[in-house]
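Student: I have the structure open and would like to go through it with you. Can we take it one question at a time?

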4 protein chains.
Amino acid sequence: MGQKPINWFWDYVTPNLIHQITVEAMPFIGKSRYQAVQVIDTPSFGRCLVLDGKIQCSESDEFIYHEALVHPAMVTHPNPETVFIAGGGEGATLREVLVHKTVKKAVMVDIDRKVPEICRKYLPSLSDGAFEDSRVELIYMDAMKYLAETKEKFDVIILDLTEPLEEGPAYQLFTKEFYQGLNKKLKKGGIMALQAGATSMLVSPTFLVVVNTLSKVFPVVAPCHAQVPSFGGPWGFAVVSQTLDPRELTPEEIDRRLAKRLSRPLRFYDGIAYRGMFSLPKYFRKQIVQEKRVITKDKPFFTY
Amino acid sequence: MGQKPINWFWDYVTPNLIHQITVEAMPFIGKSRYQAVQVIDTPSFGRCLVLDGKIQCSESDEFIYHEALVHPAMVTHPNPETVFIAGGGEGATLREVLVHKTVKKAVMVDIDRKVPEICRKYLPSLSDGAFEDSRVELIYMDAMKYLAETKEKFDVIILDLTEPLEEGPAYQLFTKEFYQGLNKKLKKGGIMALQAGATSMLVSPTFLVVVNTLSKVFPVVAPCHAQVPSFGGPWGFAVVSQTLDPRELTPEEIDRRLAKRLSRPLRFYDGIAYRGMFSLPKYFRKQIVQEKRVITKDKPFFTY
Amino acid sequence: MGQKPINWFWDYVTPNLIHQITVEAMPFIGKSRYQAVQVIDTPSFGRCLVLDGKIQCSESDEFIYHEALVHPAMVTHPNPETVFIAGGGEGATLREVLVHKTVKKAVMVDIDRKVPEICRKYLPSLSDGAFEDSRVELIYMDAMKYLAETKEKFDVIILDLTEPLEEGPAYQLFTKEFYQGLNKKLKKGGIMALQAGATSMLVSPTFLVVVNTLSKVFPVVAPCHAQVPSFGGPWGFAVVSQTLDPRELTPEEIDRRLAKRLSRPLRFYDGIAYRGMFSLPKYFRKQIVQEKRVITKDKPFFTY
Amino acid sequence: MGQKPINWFWDYVTPNLIHQITVEAMPFIGKSRYQAVQVIDTPSFGRCLVLDGKIQCSESDEFIYHEALVHPAMVTHPNPETVFIAGGGEGATLREVLVHKTVKKAVMVDIDRKVPEICRKYLPSLSDGAFEDSRVELIYMDAMKYLAETKEKFDVIILDLTEPLEEGPAYQLFTKEFYQGLNKKLKKGGIMALQAGATSMLVSPTFLVVVNTLSKVFPVVAPCHAQVPSFGGPWGFAVVSQTLDPRELTPEEIDRRLAKRLSRPLRFYDGIAYRGMFSLPKYFRKQIVQEKRVITKDKPFFTY
């Protein structure tokens with residue numbers, strides 16, 4: 001009896017599919033102004049950050065998610081000096097951006113001041129000192145509001161937002177109008193990357209709809225995905241821009257740029273991983289082409 | 001999503017029946033030298049103490065369990081002055097014993113020093129000052145060893161032991177040999193009460209086997225039960241002695257004795273509740289009569 | 001792996017408490033016009049009938065529920081010749097009524113024609129030939145409508161209705177108005193019994209509110225309960241009338257009447273079980289007295 | 001209540017990670033001589049075949065698994081005329097093999113006669129007429145025994161075996177000795193493909209150990225993976241041979257060969273999907289290189 005798991009966390013993928021994960025301890029459970037927050041220790045994935053009931057990242061595989069989100073865009077840009085991050089409160093996206101020696105300034109705007117606090121206390125490896133880096137400007141406010149007010153433009157923009165849950169803070173940041181605003185904040189030749197939800201099409205169409213919405217604003221939309229075990233399946237990203245296409249680089253060029261620009265080696269991403277990320281199955285490419293829905297302010301879209 | 005329960009505790013009733021209970025917080029999780037210990041907050045039952053995966057008591061209904069364990073024996077005895085408690089580390093059994101103004105001395109022996117510590121910190125209402133009562137002698141050691149060494153005899157003995165789990169500390173205290181030893185520690189006219197497991201016969205035969213084992217040592221064995229919601233069903237007790245039979249008192253006599261002897265009113269127990277506890281359904285009385293198994297040192301018995 | 005349970009049924013007690021039960025087979029799953037119906041085989045309780053997600057009865061312990069529902073009223077009546085049953089489609093309530101040799105006519109009205117069909121095929125022991133008994137009149141229609149139209153009066157009325165779920169067919173049959181109507185269908189000296197939900201007060205106040213509602217119509221309201229393992233806790237009933245009080249009989253008189261009137265022995269109910277059923281704990285009797293809510297047509301009440 | 005899911009299937013990924021999936025119906029549940037078999041209908045994945053507690057394939061995504069298993073090897077071979085399949089009782093692997101117009105003979109050997117029977121009745125789209133194809137020779141016996149006795153050699157061998165569970169029938173077919181025997185059954189220039197377990201390294205090392213074991217027998221070992229949603233994560237395969245390396249073909253050549261050789265179009269596999277399957281992340285390639293365990297008859301390996 002003592003050895004049977006008795007404490008469980010449910011990650012609802014859909015109302016009909018739950019990932020049920022043994023919990024060994026629950027160091028934090030509470031609420032910020034914007035979302036429910038908990039930190040759980042699990043034998044499957046180590047310590048996990050959970051926001052509004054969804055695992056946001058786990059010690060064991062957050063490197064996959066954050067490298068897959070950050071590096072495809074950063075490497076595609078010929079010389080990324082200024083970077084804007086929306087969301088990403090736990091600091092790991094910032095951490096990956098700062099590995100690029102070309103970066104001179106990284107502005108990160110997150111609405112929720114409490115999540116970084118909790119992460120610094122319970123999951124310090126996520127930011128790993130990034131918040132102390134002198135290149136960083138950290139701002140706690142609504143990213144939409146910040147962008148409306150700032151005059152600044154950036155080489156690279158990274159959106160690391162929680163999924164568009166009906167109750168969550170992020171759903172307005174998944175609209176055509178927001179993407180149009182972001183487009184204006186990119187310098188000439190700039191590039192943007194974002195996470196866009198699960199790519200298991202049996203689970204949710206979020207990814208398809210986000211990718212189609214992006215295609216109404218950006219001529220180049222390169223969807224890709226990576227397997228993040230603690231998310232219970234492959235996770236989707238998109239790299240978008242007016243001109244730069246990550247798919248035009250060879251794996252060898254990727255490896256050359258990484259070798260030259262990074263201040264430490266990566267664990268997930270390199271030329272071959274890049275090729276895996278951007279080579280989607282036939283049925284999935286077909287679904288992307290067939291998707292016609294566009295998310296707008298008036299027609300928001302919610303993930304379960 | 002934010003409102004759906006996502007943290008759950010499983011109370012295994014059997015391998016095929018699990019009570020799945022929402023957890024709001026987990027203030028403590030750890031191990032003592034003898035057992036796994038956790039404290040959980042639940043919307044269903046308030047704060048609960050869990051030992052080796054089983055809910056031992058909950059804030060919301062521990063009064064039922066502890067009153068049902070203690071008072072039938074105490075009230076049946078004409079003048080209980082000295083009481084011995086084995087187990088009951090959380091202090092609530094002691095608390096109920098001390099309500100009887102006749103009590104001059106209560107000796108409590110528990111093997112696990114850590115459980116009372118945790119309970120005093122996280123569940124102080126359980127002992128409610130009982131450990132500070134000057135009538136109390138508190139000893140942390142193996143109850144079996146203590147009884148083998150002591151010369152003392154008692155008016156009332158209460159066994160508040162965890163179930164005889166294969167991995168738990170208590171299974172040796174559910175044997176005929178142990179009951180024989182206890183019998184010698186009762187003063188003339190003394191009486192003993194113990195918890196003896198679930199009485200839902202569909203779930204486990206523990207109660208039947210314990211009651212039959214007791215009947216090999218004590219001429220009077222009065223089985224009874226009470227509904228403890230957080231245990232997921234009715235819970236069984238037995239009151240045993242050489243001569244005193246609780247079933248010979250009228251409800252009116254019970255109420256008279258309670259009114260005279262107690263220093264505060266009870267919530268669960270009185271004359272009518274007494275009648276409910278000792279009036280078992282026909283099929284259940286038949287099962288008790290038919291049970292032939294006896295637990296001995298050489299033939300221990302384990303609950304799932 | 002092959003031996004680990006992998007198929008489970010969830011009986012939601014509340015949104016925060018689920019009884020999770022291993023399923024070995026699912027011989028039937030479907031819908032009638034009024035409710036979702038399934039038949040499941042479980043190692044814990046044998047074959048079970050499930051209506052709208054709730055276990056209605058299990059092969060292993062339906063005898064407890066049905067004896068506890070039927071016999072207290074039947075035995076209290078000095079000579080029950082005519083009986084009306086509302087609900088009870090599976091036929092087991094009827095089966096228990098017919099055991100009384102005094103019965104000359106039993107009228108059973110259930111709204112759902114499909115449930116008896118399914119039970120006759122998959123759970124034939126429930127009705128055990130009762131539908132073929134020449135004393136029985138079986139009618140499939142709304143019991144409320146039937147009673148409004150009939151001129152007949154009865155010695156005993158038994159309400160064996162599913163709980164007042166918001167989505168279920170029965171909630172209108174738990175109102176003061178319906179009870180007033182029933183009162184007029186009782187012959188002089190008549191008596192009525194009904195199931196009234198779980199009596200674990202931590203779980204639901206349904207029982208308290210139903211009992212208080214009954215007390216607005218009937219001078220005698222005798223609440224009682226019995227442990228039904230497959231329902232996950234004690235289950236409440238009430239025996240009500242203008243004059244007859246079941247609590248005035250002695251256990252010995254109960255046993256005398258049963259011996260004289262029944263065509264076969266019972267398994268759960270006898271004089272001692274009767275005393276257990278009607279002797280409620282102190283806190284519970286207090287809750288019953290304190291309850292002030294009354295269910296009316298305009299103010300219906302729903303169980304979770 | 002009626003709409004809340006109440007019937008669930010548990011797919012144990014590890015003892016600490018369960019995929020909990022709503023079940024709508026359970027058309028079949030039973031045992032063959034070799035394994036527990038059930039067919040379940042799920043809103044998440046449609047109808048699923050479950051062997052020994054593991055989802056083997058679902059209507060909604062079996063095309064991914066079976067195309068990923070069969071076509072990489074078939075397309076790499078310049079002219080696959082004779083094919084041997086071990087396992088694959090449900091017929092879908094055979095179905096994919098037969099799509100290749102080059103195939104003149106396909107021998108399929110499965111130990112369990114009952115699984116194909118059940119699949120033909122409940123999941124006919126899996127074989128889709130393959131068992132009736134005149135090119136097919138179907139044999140029910142131990143594949144190991146068959147191969148020991150036959151003199152025949154094949155252009156392509158496909159192993160579609162259940163995972164090496166301790167209780168399952170297949171674990172002996174995951175040994176170096178078995179792979180050595182298979183090597184002798186390949187014609188000159190022949191090629192073999194097999195499924196080799198989950199590639200989420202947080203979940204199980206099976207894939208790594210199988211791939212390393214293969215490398216002791218075959219000079220060319222090309223590991224690859226594909227996302228199969230109903231398996232709860234990416235699934236691993238290996239294509240092995242003495243000389244032919246699937247990684248030497250270009251996506252364009254893959255597409256050319258598919259266009260020329262197939263009798264109907266595929267849904268998952270094409271040149272781009274091929275590139276995705278064989279381009280593994282950096283950390284995963286490193287794990288493959290570092291793995292040193294070899295499975296032998298004397299040192300079998302079991303998946304949870």
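Tutor: Five bridges join E2(A) to strand E2 of chain D, residues 17-22. The two strands run antiparallel. Keep in mind that this is a predicted model.

Student: What makes E2(A) and E2(D) a pair?

Tutor: Set the count against the cut-off. Pairing needs at least two bridges between the strands. E2(A) and E2(D) have five bridges, so they count as paired under that rule. For one position, look at A:Ile21, which stands opposite D:Leu17.

Student: How many residues of chain A and chain D are in contact?

Tutor: 37 residues of chain A touch 37 residues of chain D. Two or more residues each come from strand E2 (17-22), strand E13 (233-241), helix H9 (271-278) and helix H10 (282-290) of chain A. E2(A) gives the largest share, six residues. By class, this side of chain A has 19 nonpolar, 13 polar and five charged residues.

Student: Which elements does chain C use to touch chain B?

Tutor: The elements of chain C that give two or more residues are strand E2 (17-22), strand E13 (233-241), helix H9 (271-278) and helix H10 (282-290). The contact takes 37 residues from chain C and 37 residues from chain B. E2(C) gives the most, with six residues. Five bridges join strand E2 of chain B to E2(C), and these strands run antiparallel. There, B:Ile18 has C:Gln20 as its bridge partner.

Student: Why are chain B and chain C said to be related as by a two-fold rotation axis?

Tutor: Look at the superposition. A rotation of 180° with 0.0 Å of shift along its axis places chain C on chain B, with an RMSD of 0.0 Å. The two copies are thus related as by a two-fold rotation axis. Among the residues of chain C, C:Gly276 comes closest to that axis, at 2.1 Å for its C-alpha.

Student: How far apart are the closest C-alpha atoms of chain A and chain C?

Tutor: They lie 12 Å apart, and no contact joins chain A and chain C. Chain B and chain D do not touch either; their nearest C-alpha atoms are 12 Å apart.

Student: What makes the sheet of chain C open?

Tutor: Follow the order E9-E8-E7-E10-E11-E13-E12, an open sheet of seven strands with mixed pairing. Strands E9 (136-140) and E12 (220-228) stand at the edges, each with a single partner strand, so one side of each has no neighbour in the sheet. The twist averages 15° from one strand to the next.

Student: Which way do E7 and E10 of chain C run?

Tutor: They run parallel, joined by five bridges. In this pair, C:Val83 stands opposite C:Val156 in E10(C).

Student: Which residues of helix H3 in chain C are buried?

Tutor: In H3 (residues 114-122), they are C:Val115, C:Pro116, C:Ile118 and C:Cys119. To be called buried, a residue needs 20 or more other C-beta atoms within 10 Å of its own.

Student: How do you know that they share a side of H3(C)?

Tutor: They cover an arc of only 165° around the axis, which puts them on the same side of H3(C). The buried residues pack against strands E3, E4, E5 and E8 and helix H4 of chain C.

Technical notes:
Residues are numbered from 1 along each chain as its sequence is written. Chains are lettered from A and ligands numbered from 1 in the order in which they are written. This is a predicted model: local features need pLDDT of at least 70, side-chain atom pairs count only at pLDDT 80 or more; totals for chains, interfaces and linings use all residues. Copies are superposed by least squares on the C-alpha atoms of residues with pLDDT of at least 70 in both. Two residues are in contact if their C-beta atoms, placed from the backbone, lie within 7 Å. A residue is buried if 20 or more other C-beta atoms lie within 10 Å of its own, exposed if 12 or fewer, and partly exposed in between; C-beta atoms are placed from the backbone. Helices (H or I, at least four residues) and strands (E, at least two) are DSSP runs, numbered from the N terminus. The arc is that of the directions from the helix axis to the C-beta atoms. Axes are lines fitted to C-alpha atoms, for helices over the stretch in contact, and angles run from 0 to 180 degrees between N-to-C directions. Ala, Val, Leu, Ile, Met, Phe, Trp, Tyr, Cys and Pro count as nonpolar, Asp, Glu, Lys and Arg as charged, and the others, Gly among them, as polar.
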